[in-house]
Amino acid sequence: MQKLILGNKDISTSLRMDGKYIDVAWPVYTESIDIEYLVIAGGGGGGTAEDGLPKFAGGGGGAGQIQTGSFTFATGSDNIFVMNGYYGQGANFTGVGGRGSRGYDSYISGVVSSLKGEGGHPIGDAVRFDETGGPSGAGFDGGFNDIFDQAAGGGAGNTGVGFDGDDGPTDNPAVAIGGNGGTGTTINDWYWNSSLDVVGAVAGGGGGSAYSAITESFGLGTDGGGNGALGTNNASDATNFGGGGGGAFEATAGSGSYGLVVLRYENRFAINDSGTDVFQVGDYWYHSFSSASLSQQTFE
């Protein structure tokens, strides 16, 4: 960021009027300012499956992509659009299995775009998908292991693929263990609201579901992803930004979590009032875009 230095004193935000120094906003002295960003896309919803032959289970939803970086903003003239991606809905069981909805991309127009999380699959589809789901931004399919298909894999997290479900030794139909979601990312030193909450662990995959006649356990969501369902119980929703929802069996799967965009810059005053929340931490001003909606917002 440019500064106005007199001797060894920073007078970038000072102006003398009537013999006194007063503070003024930085844009008076510069045409541009460097802005850092954190962008998290919306997570996908979990899939649900039906009691077929063989018995099936629904895979966990995938997490949204995370990106950080910086750009130069022309104060008073730039007009950019910001979208924090909406979440993907978990599949609602209506007598047949279904795939969870994809999340939505998050972006800063002309600067960066983070890719949405994919929905978990109803395991037992005619096309066999990757057991564990792809890496972040590349497909997050819920998984399966063998011909019984009664233990689904977890969705991929931002930094790790989901884990396989386990149908037990030698394809024992009496055992089913859903796979855990893939790992997300821990975000340090970023804040997303005026109560100064650190973002923490975000964008983890949703857990897979399981169904068995005797022994069963659902897959756990990781780093904010939703837990998978056990038997015919509903799965849980993601609990932190960008997480995937849990998978289900003959029940409602968990929804993913919506994304987040945060902009910050070092300055004495905020350069505008754009965003869901505008607040200061230390020397930085933060503009948080965290509204759970499908509408973009303007930073100008």
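This is a predicted model: local features need pLDDT of at least 70, side-chain atom pairs count only at pLDDT 80 or more; totals for chains, interfaces and linings use all residues.
## W192 and its aromatic partner

A search of the whole structure finds ten aromatic pairs, and one of them joins W192 to F241 in an edge-to-face arrangement, with 5.1 Å from centre to centre and 80 degrees between the planes. W192 lies in the loop between β12 (185–191) and β13 (198–202), while F241 lies in the loop between β14 (215–217) and β15 (248–249), so the pair ties together parts that are 49 residues apart in sequence. F241 counts as buried, at 6% relative accessibility.

## A stacked pair and its cluster

The rings of F279 and Y286 have planes at 5 degrees and centres 5.4 Å apart, and the pair is therefore stacked. F279 is buried at 6% relative accessibility, and Y286 is buried at 2%. Together with W190 and Y191, F279 and Y286 form one aromatic cluster.

## Strand β18 and its neighbours

Five of the six residues of β18 are buried, so this strand is largely enclosed by the rest of the structure. Strand β17 (residues 277–281) runs antiparallel to β18 and is joined to it by five bridges, with F279 standing opposite Y286. The two strands form a hairpin with two residues between them, and G282 in the turn has a positive phi of about 60 degrees. β16 also runs antiparallel to β18, and six bridges join them.

Y284 lies in β18 and stands opposite E266, but at 28% relative accessibility Y284 counts as partly exposed. Leaving aside residues up to four places away in sequence, Y284 touches E36, R264, Y265, E266 and F279. Y284 and Y265 are 19 residues apart in sequence, yet their C-alpha atoms are 5.3 Å apart in space. The charged end of R264 sits over the ring of Y284, 5.3 Å from its centre, and it also sits over the ring of W190, 3.9 Å from that ring's centre.

## The nonpolar cores

The largest nonpolar core has 17 residues, and those with the most contacts inside it are I35, F71, F73, I108, L263 and F299. At least two residues of this core come from each of β5 (32–40), β7 (66–74), β8 (80–83), β16 (260–266) and β18 (284–289), with the largest share, four residues, supplied by β5. A second, separate core of 16 residues includes I187, W190, Y191 and V281.

Terms used:
Residues are numbered from 1 along each chain as its sequence is written. Side-chain values use heavy atoms; hydrogens and water are left out. A nonpolar core is a set of buried Ala, Val, Leu, Ile, Met, Phe, Trp, Tyr and Cys residues joined through side-chain atoms within 4.5 Å. Buried means under 20% relative accessible area, exposed over 50%, partly exposed in between (1.4 Å probe, protein chains only). Contact means heavy atoms within 4.5 Å. Two strands pair if DSSP finds at least two bridges between them. Rings of Phe, Tyr and Trp (its six-membered ring) pair if their centres lie within 6.5 Å; planes under 30 degrees apart count as stacked, over 60 as edge-to-face and the rest as tilted. A charge sits over a ring if NZ of Lys or CZ of Arg is within 6 Å of the ring centre and within 35 degrees of the ring normal.
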